[in-house]
Amino acid sequence: MARAAEFGVGRAGMDGAAVVLGRLDAFRKAHGYENVMLLDRAGRFRAEIGPQDDLTHARIQDAAHAAMEGGKTHISQAY
């Protein structure tokens, strides 16, 4: 599954979103990951490749928000 959520498609165009999703998928395959997510600097979900359940998705966003607010690495059990 490849999904872009409000990915700035208006700015980047559909081709731009396809390029980013393609790169995420290549990264996922190269490292043997089941899923790769892309979050912006504010910790908001932007895109994902692979299966993801809503609970994990929410935990990852919460961890990203905490890391961005504190300006430090945040270790999470959501993986």
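Which side chain meets that of Asp 25 in a salt bridge of 2.8 Å, N to O? The partner is Arg 28. A salt bridge here is a side-chain nitrogen of Lys or Arg within 4 Å of a carboxyl oxygen of Asp or Glu. The structure is a predicted model, in which local features need pLDDT of at least 70, side-chain atom pairs count only at pLDDT 80 or more, and totals for chains, interfaces and linings use all residues. Residues are numbered from 1 along each chain as its sequence is written, and side-chain values use heavy atoms, with hydrogens and water left out.

The protein chain contains two helices and three strands. Their order from the N terminus is β-α-β-β-α. Helices (H or I, at least four residues) and strands (E, at least two) are DSSP runs, numbered from the N terminus. Of the 79 residues in the chain, 30% are buried. Buried means under 20% relative accessible area, exposed means over 50%, and partly exposed lies in between (1.4 Å probe, protein chains only). The chain exposes about 5600 Å², and carbon and sulfur atoms supply 53% of this area. Accessible areas come from the Shrake-Rupley method with a 1.4 Å probe; for residues, only the protein chains shown count as cover.

Three salt bridges occur in the structure. Side chains of opposite charge can pair when their charged atoms come close. Asp 25 and Arg 28 lie three residues apart in helix H1 (residues 9-31), so about one helical turn separates them. Asp 25 also forms a salt bridge with Lys 29, with the closest N and O atoms 3.2 Å apart. These two residues are four apart in H1, again about one helical turn. An α-helix has 3.6 residues a turn, so residues three or four places apart point the same way. Arg 28 is buried, at 18% relative accessible area, whereas Lys 29 is exposed, at 56%. Shared partners join Asp 25, Arg 28 and Lys 29 into one salt-bridge network. Another salt bridge links the side chains of Asp 40 and Arg 46 (2.9 Å, N to O). Asp 40 counts as buried, with 17% relative accessibility.

Strands E2 (residues 36-39) and E3 (residues 45-49) run antiparallel and are joined by four bridges. Two strands pair if DSSP finds at least two bridges between them. Val 36 stands opposite Ile 49 in E3. The two strands E2 and E3 form a hairpin with five residues between them. Gly 43, in the turn, has a positive phi of about 85°.

Met 37 belongs to strand E2. Met 37 is buried, with a relative accessible area of 18%. Leaving out residues up to four places away in sequence, Met 37 touches Phe 45, Ala 47, Glu 48, Gln 52, His 57 and Ile 60. Contact means heavy atoms within 4.5 Å. Met 37 and Leu 24 are 13 residues apart in sequence, and their C-alpha atoms are 8.0 Å apart.

Helix H2 (residues 54-70) has 17 residues. At 1.5 Å a residue, H2 should span 24 Å, which agrees with the 24 Å between its end C-alpha atoms. The expected span is 1.5 Å times one less than the number of residues. The buried residues of H2 are Thr 56, His 57, Ile 60, Gln 61, Ala 63, Ala 64 and Ala 67. They cover an arc of only 160° around the axis, so they lie on the same side of H2. The arc is that of the directions from the helix axis to the C-beta atoms. Asp 54, Leu 55, Asp 62 and Glu 69 are exposed on the other side of H2. Gly 71 follows H2 and has a positive phi, near 70°.
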